[in-house]
Amino acid sequence: MGIKFVAKVKALQRDLEAYDKKRIKAYQTAVKVEGFRLAKSLKDEIKSGSPGGRAFSPLSQIATKRRYRNKKKPPLYRLAVPVRYRADYHDGRMDFSIGFVDPFKGPKLSKSWKRLAQLHQAGGKIPVTPDIRKAFIGIAADMQKRKNTRNQSNVFFLKKNTTHMDIPARPIIEPFWDAHKKDAERNIVLNFHRKMQGERI
């Protein structure tokens, strides 16, 4: 009887281990599904110019004039391009990241994208170098050739005592997460239960 009892305990242990693995897998899938949804939402909200419902600070006069070819686009809409999501596993724990992070697979996010995202989120100063002055003069010359932008070109002729340009902070990740955190936590729980019930999510 002892042998049979041990056999039943071992079988139960195997069942419990299998169930634990199923639960862990269901949880990881639940998080990944919600992470994918959040990444798409973050992209959409950046493109709309208001991540988390918080509109970006207005562009500077120079930045506004430089957008004469993309007037219909909100500021920083291109920062939706490098938004990624990824999962990391450490001793059975999964850490999930959304934002300007390296993806699960494929090429890593370039340093230039990361610097650009950090600059606009935190704000900062850009030094006015001779190359920048030369580039701005070229932009002004190009604008002067166009009737609809000719009168807007003067802003690109910087004063001699202008040494830097201020970039205001335009937070992206923090307001987005503040606005979506509760929904994300609820969705992960719902996804988990659906997955445990055998649903495809």
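Six residues, Leu42, Ile46, Leu79, Val83, Phe100 and Ile172, touch the most other members of the largest nonpolar core, which has 16 residues. Two or more residues of this core come from each of α1 (2–48), α3 (111–122) and α5, and α1 gives the most, with 4 residues. A nonpolar core here is a set of buried Ala, Val, Leu, Ile, Met, Phe, Trp, Tyr and Cys residues joined through side-chain atoms within 4.5 Å.

This is a predicted model, in which local features need pLDDT of at least 70 and side-chain atom pairs count only at pLDDT 80 or more, while totals for chains, interfaces and linings use all residues. Residues are numbered from 1 along each chain as its sequence is written, and side-chain values use heavy atoms, with hydrogens and water left out.

**Cores and Pro82**
- Leaving aside neighbours within four places in sequence, Ile46 is in contact (heavy atoms within 4.5 Å) with Phe56, Leu76, Tyr77, Leu79, Ala80, Val83, Phe100 and Ile172.
- Pro82 sits in the loop between α2 (61–66) and β1 (84–90); helices (H or I, at least four residues) and strands (E, at least two) are DSSP runs, numbered from the N terminus.
- Pro82 is buried at 0% relative accessibility, where buried means under 20% relative accessible area, exposed over 50%, and partly exposed in between (1.4 Å probe, protein chains only).
- Beyond neighbours within four places in sequence, Pro82 is in contact with Gly99, Phe100, Leu109 and Trp113.

**Helix α5**
- His180 lies in α5 (residues 173–196), and the helix bends there by about 55 degrees, the bend being the angle between axes fitted to the seven residues ending at a residue and the seven starting there.
- His180 is buried, with a relative accessible area of 15%, and is in contact with Leu38 and Glu45, neighbours within four places in sequence aside.

**Salt bridges**
- The count is 8 salt bridges, each a side-chain nitrogen of Lys or Arg within 4 Å of a carboxyl oxygen of Asp or Glu.
- Asp166 pairs with Lys125, the closest N and O atoms being 2.7 Å apart. Asp166 is in strand β4 (residues 164–167) and Lys125 in strand β3 (residues 124–127), so this pair ties together parts 41 residues apart in sequence.
- Arg23 and Asp20 form a salt bridge with closest N and O atoms 3.5 Å apart; both lie in α1, 3 residues apart.
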